[in-house]
Amino acid sequence: MEAHLEKSIREVMNQPSVTGAMCIDGKGLCLIAKGTADPTAAGFLYEISRCSNQLTNSAEGAPVVAIEFSKTQILIKHGQNITTVIYKEKPK
């Protein structure tokens, strides 16, 4: 599984505007983090994604949560076993 996560994170990091990426397990622990992704924030980001799932009908699928700052955007998506977090530069 670790090799698969490593490959997936590398692919994400090669996308335009992406500055960081992280995968979080079902307990809120960081599995892997690259670039500007802060592994110490894993628990907080996991809880945000978990709580956002309670706001929607499960038939719609998990929502993508966007946290926006002046120059950065953090995208969070809660999956079945892994929560994915992507850090991006906002378009100018």
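Trainee: What does Glu68 count as when I read its relative accessibility?

Mentor: Glu68 counts as partly exposed, with a relative accessibility of 48%; the class lies between buried, under 20% relative accessible area, and exposed, over 50%, computed with a 1.4 Å probe on protein chains only. Bear in mind that this is a predicted model, in which local features need pLDDT of at least 70 and side-chain atom pairs count only at pLDDT 80 or more, while totals for chains, interfaces and linings use all residues. Residues are numbered from 1 along each chain as its sequence is written, and side-chain values use heavy atoms, with hydrogens and water left out.

Trainee: With which residue does the side chain of Glu68 meet in a salt bridge?

Mentor: Side chains of opposite charge can pair when their charged atoms come close. Here the partner of Glu68 is Lys90, at 3.0 Å from N to O, where a salt bridge requires a side-chain nitrogen of Lys or Arg within 4 Å of a carboxyl oxygen of Asp or Glu. Because Lys90 lies in the segment after strand 5 (83-89) and Glu68 in strand 3 (residues 64-68), the pair ties together parts that are 22 residues apart in sequence. Lys90 is itself partly exposed, at 26% relative accessibility.

Trainee: How many salt bridges does the structure hold, and which residue pairs with Glu6?

Mentor: There are four salt bridges. Glu6 pairs with Lys34, their closest N and O atoms being 3.2 Å apart, and this links distant parts of the chain, with Glu6 in helix 1 (residues 2-13) and Lys34 in strand 2 (residues 30-35), 28 residues apart. Helices (H or I, at least four residues) and strands (E, at least two) are DSSP runs numbered from the N terminus. Another of the salt bridges joins Glu11 to Lys7, with 3.7 Å between the closest N and O atoms; these two are four residues apart in helix 1, which means that about one helical turn separates them.

Trainee: Which residues of helix 2 are buried, and on which side of the helix do they lie?

Mentor: An α-helix has 3.6 residues a turn, so residues three or four places apart point the same way. In helix 2 (residues 42-53), the buried residues are Ala42, Leu45, Tyr46, Ser49 and Ser52. They lie on the same side of helix 2, because they cover an arc of only 130° around the axis, taken from the directions from the helix axis to the C-beta atoms. Among the elements covering these buried residues are strand 1 (18-24) and strand 4 (72-78).

Trainee: In what order do the five strands form the sheet?

Mentor: The open sheet has the order 2-1-5-4-3 with antiparallel pairing, where two strands pair if DSSP finds at least two bridges between them. Strand 2 and strand 3 stand at the edges with a single partner strand each, so one side of each has no neighbour in the sheet. Strand 1 and strand 5, which run antiparallel, are joined by six bridges, and Cys23 has Thr84 in strand 5 as its bridge partner.

Trainee: At what angle does helix 1 run to strand 1?

Mentor: Helix 1 runs at about 155° to strand 1 and lies across strand 1, strand 2 and strand 5. Helix 2 also packs on the sheet, and its direction makes about 60° with that of strand 4. Such angles run from 0 to 180 degrees between N-to-C directions, the axes being lines fitted to C-alpha atoms, for helices over the stretch in contact, and contact means heavy atoms within 4.5 Å.
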